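Okay, thanks for coming, everyone. I'd like to walk through the ligand site, then the pockets and cavities in this one. Let me put it on the screen.

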Amino acid sequence: MSHLKQQILELQRVSEALEPNEEQRNTYIQEVSNYANTFINGLEDAKAFSSEPLTPNAMALSNEKKSLKEILKIYAAEVEAKGIKPASGGHIGYVPGGGIYTSAIADYIADVTNEYSGMHFASPGAVAMENELIDWMKSIFGFPETAIGNLTSGGSIATLIALTSARDKYGIKNAKIEKSVIYLSQQVHHCINKALRIIGLEDVIIRHVELDDYSRIITDDLSSKIKNDKAAGLNPFLIIASSGTTDTGAIDPLQEIGDIAKTNNLWYHIDAAYGGFFILTKVKKDFFKGIEMADSLVTDPHKGLFLPYGLGAVLVKDKASVYHSHHYRANYMQDAIGDNMPVNPADVSPELTKHFRGLRLWLPLQLHGIEPFVACLEEKLLLTTYFRERLLEIGFKLGPEPDLSVSYFWYPCKAIDENTFNERLVKEIHDDGEVFLSSTIINNKFVIRMAILSFRTKLKTIDKAVKMIDKARKKLSL
Ligand SMILES: Cc1ncc(COP(=O)(O)O)c(C=O)c1O
């Protein structure tokens with residue numbers, strides 16, 4: 001045998017470790033399945049938050065190999081057990097994700113087959129699946145067939161795509177930037193501000209529109225701000241509304257804002273990352289009237305459809321403006337392009353190679369149908385009402401009734417400064433960790449936030465939360 005062949009075969013013997021045989025694969029799967037079952041079965045009794053610090057060097061890589069069992073043990077002790085447990089129904093802080101099991105199965109298949117879902121040529125099936133999901137979302141939000149969209153890693157990247165398209169449609173560059181105006185609410189998610197900085201619009205003029213007592217945009221103020229800016233020779237070009245604010249669960253008056261955007265020829269963006277899928281519920285459907293007027297919309301299945309983190313979506317009506325920044329042809333791609341091909345995800349996103357993330361939504365939808373998702377959303381709305389009623393019973397003050405499932409509360413302490421008391425209360429709640437809640441500042445007031453969106457949050461979770469909050473409050477009041 002030639003020396004070259006010998007060298008290749010020697011290396012092959014070592015590199016073969018990367019292709020476990022069927023028996024090893026079955027063993028791995030069994031071990032992972034055992035791990036997942038222990039994890040899921042223990043979720044209900046596990047704390048939703050732990051502030052315990054990491055063991056020093058817990059994640060250190062070494063040349064010494066470990067068995068999968070040992071690796072899972074490290075994972076359980078250092079990753080799973082520390083910080084917030086997003087898979088727990090007791091996670092009612094920030095915006096919970098949840099993480100339905102059947103999505104994890106889909107991810108497993110997507111990873112094993114490793115489909116290249118950026119280009120139709122590489123995987124027509126994967127791209128067709130992702131485009132089907134985009135079409136499904138277009139129909140939910142009343143977008144026309146001609147709109148395009150993308151499945152992103154989350155709401156922030158979806159927002160980046162949407163706002164880049166708005167920028168390109170209106171040609172906001174160079175000297176135009178400093179004269180251009182964006183209208184939004186103080187309650188928009190900070191990914192909007194981040195996106196504006198990233199896309200070179202840091203120096204645009206931002207107008208914060210006045211809000212009503214429910215944290216919704218006051219449209220008269222919006223109209224008059226636009227009028228004044230036009231009279232001053234400025235360049236209004238974008239209005240951003242939210243259908244489900246992160247702090248207050250508020251839905252802006254979408255239709256009225258849409259009318260204003262249309263009259264003034266402005267791009268209309270709606271951030272429905274958290275709240276969008278509540279449009280599927282009977283009780284809240286009407287709150288979303290006017291959402292179809294948006295030029296771009298962001299909605300996150302890893303929030304409102306309870307998927308594990310890693311799936312957002314953007315829809316945009318104007319294909320040309322999306323293509324302006326995202327569509328590209330390179331010589332080495334020549335085999336993959338042709339006329340009359342479906343929209344390639346790579347043409348609607350900064351990403352070329354990406355995770356085949358469509359399967360994690362398509363498979364559960366095929367398997368379960370839409371009913372359990374809608375029931376779960378309706379359940380979250382009722383649990384929000386139930387939680388608020390229970391908090392009132394134990395002496396807390398509530399923020400205004402939310403449009404969706406995020407709201408806030410505080411304890412009206414007389415003995416010491418109210419903000420200080422509530423800050424201590426949150427610290428106490430975090431130290432307990434049975435259920436996780438976060439805090440925020442509303443109108444300069446420190447308040448405790450509840451965000452009910454995990455598919456695992458049930459009636460008994462809320463009872464547990466109320467008991468924990470009451471216990472913490474009593475402990476501090478002593
Ligand atoms: C209303 C809203 N928009 C956008 C985002 C950002 O989404 P992501 O965290 O998926 O990037 C969030 C996240 O909580 C949100 O609540």
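Let's start at the ligand: one of its nitrogen atoms sits 2.7 Å from a polar side-chain atom of Asp271. That counts as a polar contact here, meaning a pair of N or O atoms within 3.5 Å; within protein, one must be able to donate a hydrogen and the other to accept it, and residues adjacent in sequence count only if both atoms are side-chain atoms. On the oxygen side, Lys303 brings a side-chain N or O atom to 2.9 Å from a ligand oxygen, and for Asp300 that kind of distance to a ligand oxygen is 3.1 Å. How much of the ligand does the protein cover? It's 84% of the 390 Å² of accessible area that the ligand has on its own, with areas from the Shrake-Rupley method and a 1.4 Å probe.

Quick caveat before I go on. This is a predicted model, so local features need pLDDT of at least 70 and side-chain atom pairs count only at pLDDT 80 or more, while totals for chains, interfaces and linings use all residues. Numbering runs from 1 along each chain as its sequence is written, and side-chain values use heavy atoms, with hydrogens and water left out.

Back to the shell. The ligand has 14 residues around it, the closest being Gly155, Ser156, Asp271, His302 and Lys303; to be in, a residue needs a heavy atom within 4 Å. Helix 6 (155–169) and helix 10 (301–304) each give at least two of the shell residues. Helices here are DSSP runs of H or I, at least four residues, and strands are E runs of at least two, numbered from the N terminus. By class, the shell has four nonpolar, seven polar and three charged residues. Ala, Val, Leu, Ile, Met, Phe, Trp, Tyr, Cys and Pro count as nonpolar, Asp, Glu, Lys and Arg as charged, and the others, Gly among them, as polar.

We use a 1 Å grid over the protein atoms alone: a cavity is a set of points where a 1.4 Å probe fits but cannot get out, a pocket is an open set with protein on both sides within 12 Å along at least five of seven lines, and lining residues have an atom within 4 Å of a point. Points join across faces, edges and corners, and a volume is the space filled by probe spheres set on them.

The largest pocket holds about 1300 Å³. It has 34 lining residues, and nearest its centre are Val32, Tyr35, Ala36, Tyr101 and Ala104. Helix 2 (22–42), helix 3 (68–80) and helix 4 (101–113) are the elements giving two or more residues to that lining, and helix 2 has the largest share, with nine.

The largest one is about 70 Å³, and its lining takes at least three residues from each of domain 1 (108–368) and domain 2 (371–477), with bounds from an automatic or database domain assignment. Its lining includes Asp213, Tyr214, Glu401 and Tyr408. The second largest cavity is about 30 Å³. That's my lot.
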